[in-house]
Amino acid sequence: MKRKLRMPRRALGLGLVAAAVTVAAVTVTSVAHAASSNSGHYSVHPQISAPQSMQSGAADAFACQKRPIDGSSGRARCYTPQQMQQAYGLAGLLASGVDGSGKTIVIIDAFSSPTIVTDLQDFDRDMGLPAPSFTITQVGNVPPFDIDNDDMVGWAQEISLDVQWAHAMAPGAAIDLVEAASDSDADIFAATKYAIDHKLGDVISQSFGEAESCVDPKLLRQEHALFAKATHEGMTLFAISGDSGASQLDCTGENAIQGVSSPASDPNVTGVGGTTLNATDDPDGTATQPSGTYLGETAWTEPLFGCNPPALDFPFDLNCSGGGFSTIYRQPVWQTPLVQKVAPHGHPPARGVPDVAYGAGVNGGVTVHIGFLLTQLGFGQDDPLYFVMGGTSAGSPQWAGLIADADQIAKHDLGNINDDLYRLARNKKAYAGDFHDITTGNNDVAEIGGNGFSAGPGWDPVTGLGTPNAANLLPALAKSGPH
């Protein structure tokens, strides 16, 4: 499945420390041909606003931080790293020295970004973050970036979001950006296989997906075996549940069908859904609560437009949290009985998606520096101007950062965390302390007859188990062994 990513027509609108960057090109012709030539394409769909200006040199200096979360201003609220760290309970752990040090986060993306190195440097400069060890590994023949290629532009936006916000949640972790030669299933598989075979890192983030029914069955079997190998060796895998609610685009990319996203539906992967996060803003430091104090969340559906499949109603294609039940994978034992309680009547025991959630709204989105877009709009590449970005693709890299932190606490890699996530959730006391349970909202989609699911107490096929309270959840996961 291949679709073009476009910026919405309607906008929602210190000294430089250089990171250590290594770029390596890897030839993997034999691996790239491991999948059938009938394989499709993964899609990315990062939601993005017009550029937002910092009003001063402080991180709490964006006008968008003050906008109402209910969308009544017609423009998006934004959050900085410090606010997200506070909202999801990470700030105290960071202050104690838990920052992912000694761990490496692998980001899988396609194509490349011409400004990712300076984007990360500018992000660190403006947001007060340390420079990480940053490696770019190109697997296969990655073509030169073409600003006129909408597909490449979309992936380059995704690269900036993934790299900057994995770093924001684990400032001490190294980052290895692995770039596939294209967004075809075969090339993405080749890049992922290289990362796993060479154990490039401890946690992998995959901010892409397609309808699981559109993945070539042979490739799906190869991918499942590869993911099993990764988790056996201690790696933790994340992928997004998608931005199309209970629907996915069909294999032509032209119509909506009910379904869940691959690779998030694989039981070796932790699927990440989306919420709209409401947290405080305190730009002048006078409030009694820290900036970013958690106020509440709902299942992600953009209040300005509602839920629909990406690109079908462009430009009104701001969407909602993907979720539902797999038609390929049976329900893992660790999802029982939490998932069975909310499965549709008569539905066979199936893998439920997502497992967890994270802030995903553009209204309530995160600030991202994208230099090549700034130059296209007539600004300087390194100007302190930031786009507000959202989508479930914002959650996968942030969860990856959190688990790098948990790996540091544990002093070993956690591997597949799904068993432990659901075990903790089955204990009502632990669940209340470890997660924010999201109980309002839905992912109904008109284009599939209004079908979808509602958020509710405990696990649901919109927000999974909920969002993390890292202060409690990460130490709890760290007590477990690798799975």
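**Figure 1. Packing of helix α10 against helix α12.** Helix α10, which covers residues 418-426, packs on helix α12, residues 470-478, at an angle of about 120 degrees, and the two axes lie 10 Å apart. The crossing of α10 and α12 is right-handed. On the α10 side the contact involves Asp420, Leu421 and Leu424, which meet Leu473, Ala476 and Leu477 of α12; by class, the residues of this contact comprise 5 nonpolar and 1 charged, with no polar residue.

**Figure 2. The open sheet formed by β2, β19, β18 and β3.** The sheet has 4 strands in the order β2-β19-β18-β3, and the pairing is mixed. Strands β2 (47-53) and β3 (78-79) stand at the edges, where each has a single partner strand, so one side of each is left without a neighbour in the sheet. Strands β18 (residues 365-368) and β19 (residues 385-390) run antiparallel and are joined by 3 bridges, and Val366 has Met389 in β19 as its bridge partner.

**Figure 3. Helices α4 and α5 on the sheet.** Against the pair of strands β18 and β19, which run antiparallel, helix α4 (residues 116-127) packs on the sheet by touching both β18 and β19, and its direction makes about 100 degrees with that of β19. Helix α5 (residues 150-169) also packs on the sheet, where it touches β2, β3, β18 and β19, and its direction makes about 100 degrees with that of β18.

**Figure 4. The contact between helix α4 and helix α5.** The axes of α4 and α5 come within 10 Å and cross at roughly 40 degrees, which makes α4 oblique to α5; the crossing of this pair is right-handed. From α4, the residues Ile116, Asp119, Leu120, Phe123 and Asp124 take part, and they meet Ile159, Ser160, Val163, Gln164, Trp165, His167 and Ala168 of α5. The residues of this contact divide into 7 nonpolar, 3 polar and 2 charged.

Figure 5. Most residues other than glycine have a negative phi, and most peptide bonds are trans. A cis peptide bond joins Thr336 and Pro337, with omega at about 5 degrees, and Pro337 lies in the loop between β15 (324-330) and β16 (350-353). The peptide bond from Val353 to Pro354 is likewise cis, with omega near 0 degrees, and Pro354 is placed in the loop between β16 and β17 (356-359). Lys199, although not a glycine, has a positive phi of about 45 degrees, and this residue is found in the loop between α6 (185-197) and β7 (203-206).

Figure 6. The chain averages a pLDDT of 87, and 85% of the residues score at least 70. Over residues 1-19, however, the pLDDT is below 50, although this stretch has 70 contacts in the model beyond near neighbours in sequence. The pLDDT also stays under 50 over residues 27-39, for which the model has 21 contacts beyond four places in sequence. Where pLDDT is low, the predicted coordinates should not be read in detail.

How values were computed: Residues are numbered from 1 along each chain as its sequence is written. This is a predicted model: local features need pLDDT of at least 70, side-chain atom pairs count only at pLDDT 80 or more; totals for chains, interfaces and linings use all residues. Side-chain values use heavy atoms; hydrogens and water are left out. Axes are lines fitted to C-alpha atoms, for helices over the stretch in contact, and angles run from 0 to 180 degrees between N-to-C directions. Helices (H or I, at least four residues) and strands (E, at least two) are DSSP runs, numbered from the N terminus. A crossing is left-handed if the near helix is turned anticlockwise from the far one by less than a right angle, and right-handed if clockwise. Contact means heavy atoms within 4.5 Å. Ala, Val, Leu, Ile, Met, Phe, Trp, Tyr, Cys and Pro count as nonpolar, Asp, Glu, Lys and Arg as charged, and the others, Gly among them, as polar. Two strands pair if DSSP finds at least two bridges between them. pLDDT is the predictor's confidence in each residue, from 0 to 100. Angles under 35 degrees count as roughly parallel, over 145 as roughly antiparallel, 65 to 115 as roughly perpendicular and the rest as oblique.
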